[in-house]
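Have the viewer open as you read.

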Amino acid sequence: MEIIKVKDYDALSDKAGELIAAKLKELKKPVLGLATGSTPEGLYQRLIEKYKRGEITFKHASSYNLDEYVGMKKDDPNSYRYYMNEKLFKHVDIPLDQTHVPAGDATNPEEACKKYEQAIQAAGGIDIQILGMGLNGHIGFNEPNTPFTAETHVVDLDESTRKANARFFASLDDVPTQAMTMGIATIMRSKEILLLVSGDSKAETLAKVIQGNVTEAVPASVLQNHPHVTIIADEAALSKLN
Ligand code: F6R
């Protein structure tokens with residue numbers, strides 16, 4: 001694990017922007033694994049700025065998002081497809097048919113998960129997977145005690161995760177109870193992983209992820225077993241390291 005310590009969220013976004021831009025330049029057909037949530041928003045802004053300055057192109061890139069709520073229409077402002085369109089895709093030159101988000105509105109979500117997994121493998125696998133981390137150490141929507149062997153699957157969301165995400169909805173009742181997510185095994189097959197963590201609320205969990213045992217109770221701890229992981233975290237997020 002390489003740990004890059006930065007001062008604050010802005011510096012985290014700058015550094016992540018540099019790393020992803022370098023990947024886009026290096027690879028002929030980059031396959032990006034993308035995350036939603038608050039953490040990567042700054043990174044996406046940096047990528048848009050670099051694109052507008054003519055420094056990078058997404059023309060030959062494809063993308064696979066980690067997760068989506070079950071039962072969510074693509075054009076619902078709370079869907080992760082909508083988030084990606086608004087925060088990144090519509091501002092850059094990535095052809096929309098090269099972008100993929102699990103089909104939350106599928107009539108058979110389990111089947112849609114299998115197809116998603118196959119599509120990632122058919123694309124040659126993910127070159128670099130961007131991850132945020134939940135307060136409980138979840139990655140994607142892989143909540144504590146999800147088996148490390150899981151591939152893309154349907155999950156019941158933890159109450160704590162629903163509460164954390166309720167800020168985007170009118171009320172807690174409106175937060176979906178299920179999601180589709182790449183599994184830990186899917187994430188671990190990525191050639192490279194970039195985990196972004198900001199803020200003191202995640203400091204205790206991040207210390208466990210980096211220095212604790214590898215355990216399904218702390219999903220992100222599995223990253224210790226991956227050969228090519230970079231963690232970019234700010235001082236606040238790294239404040240509980242021993
Ligand atoms: C989002 C995702 C989640 C988030 C995590 C952190 O696609 O998979 O695991 O990365 O919940 O969310 P934020 O960044 O909002 O703290």
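A residue counts as buried if 20 or more other C-beta atoms lie within 10 Å of its own, as exposed if 12 or fewer do, and as partly exposed in between, with C-beta atoms placed from the backbone. This is a predicted model, so local features need pLDDT of at least 70 and side-chain atom pairs count only at pLDDT 80 or more, while totals for chains, interfaces and linings use all residues. Residues are numbered from 1 along each chain as its sequence is written. Helices (H or I, at least four residues) and strands (E, at least two) are DSSP runs, numbered from the N terminus.

| Helix | Buried residues | Cover includes |
|---|---|---|
| α2 (residues 41–52) | Leu 43, Tyr 44, Leu 47 | α1 (9–26), α3 (80–87), β9 (192–197) |
| α7 (residues 203–211) | Thr 205, Leu 206, Val 209, Ile 210 | β1 (2–6), β9, β10 (229–234) |

The four in α7 sit on the same side of that helix, because they cover an arc of only 130 degrees around the axis, taken from the directions from the axis to the C-beta atoms.

Now the ligand. Its shell has 13 residues, and Thr 36, Gly 37, Ser 38, Thr 39 and Gly 132 come nearest (near means a C-beta atom, placed from the backbone, within 6 Å).

Terms used: Contact = placed C-beta atoms within 7 Å.
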